[in-house]
Structures are given as C-alpha cells and as structure tokens.
Amino acid sequence: MNRRNFLTTSAATTAGMVFAGTSGIAAKELHTLANAPAAKIKVALIGTGSRGCGMWGRDLVKEYPDYLEFVGLCDKNQGRVETGKRFIGVSCPVYTDFEKMMKETKPDLLIVTTMDATHHEFIIRGMELGADIITEKPMTTDEQKVQAILDAEKRTGKKCRVTFNYRYSPHRAKMWELLKAGEIGELTSVDFHWYLDTSHGADYFRRWHRLTACSGSLWVHKASHHFDLLNWWIDSDPETVFAFGELNFYGKNGPFRAENCRNCKHTQECKFYYDIMKNDYYKALYVDNEKYDGYLRDGCVFKNDVDIFDKMGASIRYANGVQVSYSLTSYSPYEGYRIAFNGTKGRIDAWIEESKPVSDKNYDEIVLFKNFSKREYIQIPFGTSGHGGGDKLLKDQIFLPNIEDPFKQCAGTRDGALACLVGIAARNSIASGKAVKIADLTSIKPQAVKEYRRV
Ligand SMILES: NC(=O)c1ccc[n+]([C@@H]2O[C@H](COP(=O)([O-])OP(=O)(O)OC[C@H]3O[C@@H](n4cnc5c(N)ncnc54)[C@H](O)[C@@H]3O)[C@@H](O)[C@H]2O)c1
C-alpha cells in the first residue's frame, strides 16, 4: 500500500467514493475529483501527554487543516485529556474509554502516543476496529508484543506506520545518500556512540521511562531510534547482538533521594533539582492532573526503583556482514553523537551536537575521507522544526499529497519491529550473558538487503 492509500482508503470509503488505484492522491484531491464535500481524514489520538498534544495534536491542527480533522481524543487520565483538548484546540469529544472512542468516532486513522509498553494494545485493537495506525516509537517493548502486532496487521489488512523522525534530519539523509552513492566503497563497519546529557538524559530517570516494564529500558525507548538509523543506513537487517549494561549513576547510586522534586529536602544541594512549577504548560498537563492517576512528572532521578541501565554497549552484526560498535551514555556533560562509517574506499565521520552547542554554527558537518585522497567537509544547514527539522518533514510526507520518498525514510511494522528487536536482544543478551539471534525472537528472518515497503 502506498502512502496515500494508507491515509485515504477509509476517507474515500466514508464519502461513498470508488477508490481505484489512486496512488499519490491526497484525500482532499479525491474529493475534488468526485465533486463531493471535502471529507478530511478522521483522526483519533490516544495518549494526550506532551508528545500527543504537541507534535501529533496542536501541530497537526495548525499545519494540515485541509487534510485532517480530529474526531476523538483519549487518555486514561481524565484531567489530562481535557487539558489536552484545550491545548490542541479542537472541539471533538474526549474519552477515557478507548473502545468507546473507537466505536463512536470510527476514525480512519488512530495516532498512538501512550506509554511505550501500552502501544501494542492500541495498535492491535485500533486495527481490529478498522483504523490505520500511526504509532510513536518504539513500536513496542518486547518480542511477544512485536509478534502480536505483526500478526494483527496481517489479520486485519490495516497498516501501521512507525514515526522514526530521526531518519528525516537533513544531515542523516545526507549520510544515507553518501553511503548509497558508494562514496566510501563497500560499507564494512560502523562506530556509533550516543551521549545523553545531565538535563535531557536525566529526564528519562524522572519519569516512567526509568522502569523496564514501562519503557523496555533505554535499550528500547531511546536506542531504538539509533538502531532504526543503523538499519536504514546499513540497508540490511540486524542478525546477532551481544551487549553489556549497568546502572552506575542514577537510581540507587545517588547520594540522597525523595519521591519527587517538589517534596524533596535536598533541593539546595541536588544538581538535578527540577522545578516543574516554572513551566505553565507542564503544570497544567501533569501537576494539575496528578489527582487522577498519581503520576509525578518531576520524579527523583535517584529513586531506588530505577531498574534500567544508564550505560550500555553492544556489538551488532548485520546480515550483510557489517559490524557495529554501539554505546549509549546517559549522564554526559553534553548531548550528541559520534559516528563513523568505515568502508573499503574511505570513511565518513561526524560529531553531531544535539544540545548545548559549543559554537554558534548553524549547520551539521560530515567529513568524507577517501583513502589516499583529500578530505571533504560537507555542511548541512540545521532544519527549523524539532529533531533537526525531521519532525516537520515526516509529517509532511504523511499528510501532504505527492511527497515522494527518495531516501526511503518511510517505516512500517517490519522496520518498527527490527528497531525494537535490537534493543530487546541487547536486554536479553545482558540477562543471559550470551549473543542473541534476532531470528530467534519473532517470525522476522533477517535479510542481507533490507526490505522496503512504502506505508
Ligand atoms: N519520536 C520522538 O522523538 C519522541 C519524542 C517524545 C516522545 N515520544 C514517544 O511518544 C510517546 C508519548 O511520550 P510522552 O513524552 O508524551 O509521554 P507522557 O507520559 O507524557 O504521555 C503519555 C500519555 O499517555 C497516557 N497513557 C499511558 N498509558 C495509557 C493507557 N493504557 N491508556 C490511555 N492512556 C494512557 C498517559 O496518561 C499520558 O497522558 C512515547 O511512546 C514516547 O516514546 C517520541
């Protein structure tokens, strides 16, 4: 199914139109052709936290009013879904009962932005109730849930797109292009090291992300972004993973602890003190709605219940023979990543700062080294939306008509699965002390050349 089919089949059906191979035609155009009143894509969203309300809520309403309309919002927290509705700026009904929302509003498209470990419930049931799905990453958190999603997609014939916005950052697309163009000959190995800082990195330890049962650990919640990039750049499927990981800094390693920052007697001495009350939006979305579910957005990073790793390293072998050395450190003074692609004819290097840039430059830089030749500095201007400009490009490709996919950035369930599965394999490898084969986890069999499906 191509991109437009993904979004327009149901909308077209709703309007009583015949849908016959209209690839590349947006919902709005379909209706113009049929001379019918515009039937926009009917969108429902589950999970009105900051990601759901921002990137997939208010921004969609602002940016794509001609193509979509919200028909329902749902969250298990009654206060947050009402706050979310005001923030997003819509008049649709709100629900705490997902089944009720789906049955009453019959959306064409369901957007899933709940806590990671719950994504599968809504992806699967959403497809069963007739919707195509857009889900935030990670698609899910363990191998059984991955399999259940793959089975449901097959059973229902519905489509699920996984929103790997990292692929859409212009400098990463440039890396993809250089690799594809054979600039460094045949790719043989990749060195990939990601650093989260003591602000953004620490934030994972304040929230539900600190519990493996909720996030799958940073191996899945965060590193699945990185594994997806690797899968996409290398253009092959991961085959074997061996990993180490430990908790050295947050959680039980802290000098003191409390339930959350607002109730802490160590605020003067704690470098991680975070005053959520200074952020009006977060106060309205989270603090004012604690009474409904007890969720604390400003939890202590040193709580004893933190059970995820804060330093991780893995060796990954791909089905085409490429080897990867990967690490993630979550308590760095700066945030960003170092990457090197090693090939038979040269090497591509980059040091990308994600926050707190040390200079005022407005570009990312890639260095292309060709063996026995000069190096070339390639500068890619920063994008203007979130995640290096990737967020807007991703949404444009989903919602605007006639946007092609020259860099093969579109990702469905197979890509969503393989990104999670590397992290899941790493977790399993640490538990067993052994290398884990991706083929042993689900029905997906790694292929030397990655499968591409336009969703
Ligand atoms: N692609 C990216 O760069 C990016 C960035 C941020 C977040 N995300 C993803 O977006 C998702 C949401 O992140 P967030 O930061 O907004 O989290 P959040 O915890 O602030 O919001 C999640 C919302 O889902 C609701 N929820 C949780 N379980 C539910 C259930 N069973 N039924 C109904 N509602 C439920 C919560 O009440 C909350 O309002 C996560 O999966 C996260 O990984 C992706």
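1. A residue is called buried here when its relative accessible area is under 20%, exposed when that area is over 50%, and partly exposed in between, with a 1.4 Å probe and protein chains only. The model is a predicted one, in which local features need pLDDT of at least 70 and side-chain atom pairs count only at pLDDT 80 or more, whereas totals for chains, interfaces and linings use all residues. Residues are numbered from 1 along each chain as its sequence is written, and side-chain values use heavy atoms, with hydrogens and water left out.

2. H119 belongs to helix 6, where helices (H or I, at least four residues) and strands (E, at least two) are DSSP runs numbered from the N terminus. Its relative accessibility is 0%, so H119 counts as buried. A polar atom of the H119 side chain lies 3.5 Å from the backbone oxygen of E136.

3. Which residues are closest to the ligand? They are D75, R80, D116, W208 and Y286, within a shell of 26 residues that surround the ligand, a residue being near if one of its heavy atoms lies within 4 Å. By class, the shell residues divide into six nonpolar, twelve polar and eight charged; Ala, Val, Leu, Ile, Met, Phe, Trp, Tyr, Cys and Pro count as nonpolar, Asp, Glu, Lys and Arg as charged, and the others, Gly among them, as polar.

4. A ligand nitrogen is 3.1 Å from a polar backbone atom of K76, while a ligand oxygen is 2.7 Å from an N or O atom in the side chain of R80. An oxygen atom of the ligand is also 3.1 Å from a polar backbone atom of K137. Of the 850 Å² of accessible area that the ligand has on its own, the protein covers 90%, the areas coming from the Shrake-Rupley method with a 1.4 Å probe. Helix 3 (50-63) and helix 6 (119-128) are the elements that give two or more residues to the shell.

5. Strand 2 (residues 68-74) has six of its seven residues buried, so it is largely enclosed by the rest of the structure. Strand 1 (residues 41-46) runs parallel to strand 2 and is joined to it by six bridges, with L45 having L73 as its bridge partner. Two strands are taken to pair if DSSP finds at least two bridges between them.

6. What is the strand order of the nine-stranded open sheet? The order is 14-13-12-11-7-10-9-8-15, and the pairing is mixed. Strand 14 (375-381) and strand 15 are the edge strands, each pairing on one side only.

7. Within this arrangement, strand 7 (residues 187-197) and strand 10 (residues 323-332) run parallel and are joined by eight bridges, F192 standing opposite Y326. Strand 8 (residues 238-246) is antiparallel to strand 9 (residues 311-318), again with eight bridges, and it also pairs in the antiparallel sense with strand 15 (residues 436-437) over two bridges. V241 stands opposite I316 in strand 9 and opposite V436 in strand 15.

8. E353 lies in strand 12 (residues 346-355) and, at 14% relative accessibility, counts as buried. The C-alpha atoms of E353 and G336 are separated by 4.3 Å, although these residues are 17 apart along the chain.

Notes
Polar contact = N/O pair within 3.5 Å; in protein donor to acceptor, adjacent residues only side chain to side chain.
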